[in-house]
Amino acid sequence: MTDILTMGEILVEIMRVHEDVPLNEAGVFKGPYPSGAPAIFIDTAARLGCRTILAGSVGQDDFGDCVLSRLEKDGVDCTHIYRSGDFSTGCAFVTYFADGSRKFIFHMGAALETRTPDVNQLPAVKYMHIMGCSLMAGSRLSKGILDTMRALSARGTKISFDPNIRKELFTSDTEDILNEVLRHTNVFLPGQEELLMITKTAMAEDAVKECFRNPALEMLVLKDGSRGSRLYTREGTVEDIPVYPVEQIDATGAGDCFDGAFLAGLVHGKTPAEAARMGAAAGALNVMAFGPMEGNITPITMEKIIKTSL
């Protein structure tokens, strides 16, 4: 059995060394760093002992080698990653500003060439994790994710969904796609702004109630950045999950690491609250390093940060 499968964009990230250097000016960059939200997510779960599959695409180039070597080293099954001969590996150029904001330039390239896996050739899958950014990356990729979701859900796979989508990308077509995914979602991992936008409500508690009208939904973790998160379950559990105090170097990828560790906790039989604390610990460890998936996330470091913060 495979514990977790995800599909979506695989990138390298090339990042400004210093804050407040716009992308339209000459300056110094660092990288390439393996990246792409699905890759960050699945690599976290693999490092925490889960059997994982990533379906995606990279080019036949050095950047593709960079990402694949990292994923394979950390234990991700990369047999469903297509190596495009027509496009180069996707890139994201990133700059940071002193107010905490970021700006990106994406060259998606091969990232949109993902092949839909033949579900009949896959082992049983416990969880499929879906990300809103992947659904919005391109119509071919979106269709592949939806087709795979339908087929795996019909086989008993639980669906996890992080809608990480920006307000400016929200259209009527987007709403249709998100609503279909939500109907299949068992584990929902939204940020507060996304939750209000999707449910068209003004208050978080009303939005949560609206989400649990979906009979498939088992739990919801409402993520709120540095303010922590709040766990809700269908049984009525409501628990606040604080962040772990660390020195932040780079916040990129923290939410994806949260998702990966949270699902890893569920796979390993943790309670939802314990899994959420694992997610918070993974996010904290990731922000302590420069690069979107460079945090020292291991079972040992996770246990240490959780115990020292009790």
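## A charge over a ring

Arg115 sits over the face of Tyr82, 3.8 Å from the ring centre. The rule here asks for NZ of Lys or CZ of Arg within 6 Å of the ring centre and within 35 degrees of the ring normal.

A quick note on provenance: this is a predicted model, where local features need pLDDT of at least 70, side-chain atom pairs count only at pLDDT 80 or more, and totals for chains, interfaces and linings use all residues. Numbering starts from 1 along each chain as its sequence is written, and side-chain values use heavy atoms, with hydrogens and water left out.

## Aromatic pairs

Rings of Phe, Tyr and Trp (its six-membered ring) pair if their centres lie within 6.5 Å; planes under 30 degrees apart are called stacked, over 60 edge-to-face, and the rest tilted. That rule gives 6 aromatic pairs. Take Phe29 and Phe93: their ring centres are 5.9 Å apart and the planes are at 80 degrees, so this pair is edge-to-face. Phe29 belongs to strand S3 (residues 29-35) and Phe93 to strand S7 (residues 90-96), so the pair ties together parts 64 residues apart in sequence. Strands here are DSSP runs of E, at least two residues, numbered from the N terminus. Phe29 is partly exposed, at 33% relative accessible area, and Phe93 is partly exposed too, at 25%. For the cut-offs, buried means under 20% relative accessible area, exposed over 50%, and partly exposed in between (1.4 Å probe, protein chains only).

Phe161 and Phe188, on the other hand, are stacked, with 5.9 Å centre to centre and 20 degrees between the planes. This pair also links distant parts of the chain, with Phe161 in strand S10 (residues 158-162) and Phe188 in strand S11, 27 residues apart. Phe161 is buried at 0% relative accessible area, and Phe188 is buried at 1%. Elsewhere, ring pairs join Tyr33, Tyr96 and Phe290 into a cluster.

## Strand S12 and its neighbours

Phe188 also leads us to S12, where its bridge partner is Leu220. Strands S11 (residues 185-188) and S12 run parallel and share 2 bridges; two strands pair if DSSP finds at least two bridges between them.

S12 itself (residues 219-223) is mostly covered, with 5 of its 5 residues buried. Met219, Val221 and Lys223 point one way, while Leu220 and Leu222 point the other.

With strand S13 (residues 229-233), S12 runs antiparallel, joined by 5 bridges. Lys223 stands opposite Ser229 in S13. The two strands make a hairpin with 5 residues between them, and Gly225 in the turn has a positive phi of about 55 degrees.

Technical notes:
Helices (H or I, at least four residues) and strands (E, at least two) are DSSP runs, numbered from the N terminus.
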